[in-house]
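Visitor: I'd like to learn how to read a protein structure, one feature at a time. Could you show me?

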Amino acid sequence: MTDHPQNTPPQSPDEEQVPTAKAVPKRRLPSLIWLIPIVAALAGGWIAVHAYLQRGPTITITFETADGIEAGKTKIKYKDVDIGSVTGVVLTDDRQHIKVTAQLAHATDDLLGDKTRFWVVRPRISGGSVSGLGTLLSGAYIGIDPTRQASSKRDFTGLEQAPIVTTRQAGREFVLHAQDMGSIDVGAPLFFRRVQVGEVSAYKLDKDGKGITMKAFVHAPYDQYVTTNTRFWHASGVDVTLDANGLKIDTQSLASIAIGGIAFQAPPGQDMAEAAPADTQFTLASDRITAMTEADRERAPFVLYFRESLRGLSIGAPVDFRGINIGEVKAINFEFSKEEHSLLMPVTIDLYPERLRGRLKGGDEVVKTDTMRIKILNTMVEHGLRAQLRTGNLITGQLYVALDFVPTAAKASIDWKQFPPSLPTINGSLTQLQDTALSIAKKLDSLPIEAMGDHADEALRNLNVVLDNSNALINRLKNEVAPEAQNTLKQAQEAINQAKQTLSPDAPVQQNMNDTLQEVAKAAQAFRDLSDYLSRHPDALLRGQKEDAK
């Protein structure tokens, strides 16, 4: 539609028939085509904002090497769940380490703190365990041990090995002090009644270099069995005991034989004590017997002056009283005696009176005071109590100190004014044996060995002559007498055989003898008939025998 202004002059009909253009006002709204980039920009912004909001913390980790770590490929996993990835690997400024930059997932800030630990999981064979075999196919990844308390720390130093114990693992860690490591290493098992209940988590050499400090972790619920009176000992290898009960072989497991281990237990016969808190310190004994031995609270130092060689005697060697270990050697020295102008070998020992009192009838009631103890010891020395070096092992030559009564020992006493007091000594059994051998050698040396040898040679020559004569006699008997004796025996045998033939029932002699006897019997019968006839007819001797009436 067009407008007709009132002041416009009238137009001709032709002009009125010509159409006129009318101006259309411009549209104020933009075209819908612009919605597409706007929507795209908004979507991109929303995605960017969402990505920014979903983005986790960026951290850096320093490792010794980048073995197995690749930017864009290596993952960071917690409990086998991906929580981030490595975005860059560069050398540190000093070129001694590598620095890994990693981007973690959203809502992982609470995993980061001052005690958060990272390590690279690779295939590893350590002690008796094999770990990280899955990384042979998937590649190495970075493991994380999160902290219990989050903080703003984002730069970390990675571990070269996976930690044995993680922060959130249930259980308690204890501190063990040992003289040496033995065959123990990180990851070595802990046994309680032959059940593996934990591992050695760490160790370090003491600052003074005189021992080893270890950390041992005991898993829950087994940590309740670590009490204040628990004893720890090395359980590595095999303990072989040979006593009156025979040969006994003791070990915790095959793994402890190969890689070592530690065992713990409360002393038998003691009540269950309260559970030890974490980080309680214990002493790691060398074996079970040592661990279960009661600590000696009372010590009585003495010094022993020997004049013989101390080869084979070492610090820690036992002090024995008739088979009972009552002390140990603490120090070995030597000193010059101005009075005797000779060298003495002082050996300092510690006696543990409780070990004797524990076996004494009446116990402490018998020796209540130090005065009584001194009096008893003086009496024992008066009756011959002496210290002596004896051989404990004939193969190794190790010596120990033996206290025993020697009735023939010279009189001696204890000087209680000096410290430590000196106990009297006598020569050791080996020295006595040497003295005896030397005495025998001297006696042998004093014997007329040469003259005795001459006599022995002469006796041997005479003996040879006797033996020669004996041989000649034996030969003569063999060559002369023996054949004659053999012939005699042969003839005797023939005579015996002939007699047997003669006396046999079917022998002619026997037959003739039987006939003869029959004839004799007949003659005897005739003689009896004649005798009867003459008794009836005595005149027959004069008239002869009458003819029988027919």
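This is a predicted model: local features need pLDDT of at least 70, side-chain atom pairs count only at pLDDT 80 or more; totals for chains, interfaces and linings use all residues.

Visitor: How many helices and strands does the protein chain have?

Guide: Helices (H or I, at least four residues) and strands (E, at least two) are DSSP runs, numbered from the N terminus. Here the protein chain has eleven helices and 26 strands.

Visitor: What share of the residues count as buried?

Guide: Buried means under 20% relative accessible area, exposed means over 50%, and partly exposed is in between (1.4 Å probe, protein chains only). Of the 550 residues in the protein chain, 27% count as buried. As for the surface, accessible areas come from the Shrake-Rupley method with a 1.4 Å probe, and for residues only the protein chains shown count as cover. The protein chain has an accessible surface of about 38,500 Å², with 56% of it belonging to carbon and sulfur atoms.

Visitor: And what about contacts in the protein chain?

Guide: A contact means heavy atoms within 4.5 Å. Take the contacts in the protein chain between residues at least 6 apart in sequence: 64% of them join residues at least 24 apart.

Visitor: Which peptide bonds are cis?

Guide: Look at the omega angle. The bond from A220 to P221 is cis, with omega near 5°, and P221 sits in the loop between strand 13 (212-219) and strand 14 (231-234). F419 and P420 are also joined by a cis peptide bond, with omega about -5°. P420 is in the loop between strand 25 (399-405) and strand 26 (422-423).

Visitor: What is phi like at R193 and R194?

Guide: Each has a positive value in a residue other than glycine: phi is near 55° for R193 and near 70° for R194. R193 counts as exposed because its relative accessibility is 56%, while R194, at 47%, counts as partly exposed.

Visitor: Which residues form the nonpolar patch on the surface?

Guide: Patches are made of residues with over 30% relative accessible area and no salt bridge; like charges are joined within 9 Å, and nonpolar side chains (Val, Leu, Ile, Met, Phe, Trp, Tyr) within 5 Å. A salt bridge is a side-chain nitrogen of Lys or Arg within 4 Å of a carboxyl oxygen of Asp or Glu. The nonpolar patch consists of L32, I33, W34, L35, I36, I38, V39 and L42, with about 890 Å² of accessible area together. One of them, L35, is in helix 2 (residues 35-54).

Visitor: Which residues form the negative one?

Guide: E450, D454, D457 and E458 form a negative surface patch. E450 belongs to helix 9 (residues 449-503) and counts as exposed, at 67% relative accessibility.

Note on methods:
Residues are numbered from 1 along each chain as its sequence is written. Side-chain values use heavy atoms; hydrogens and water are left out. Lys and Arg count as positive and Asp and Glu as negative; His and the chain ends are not counted. The place of a charge is taken as NZ of Lys, CZ of Arg, CG of Asp or CD of Glu.
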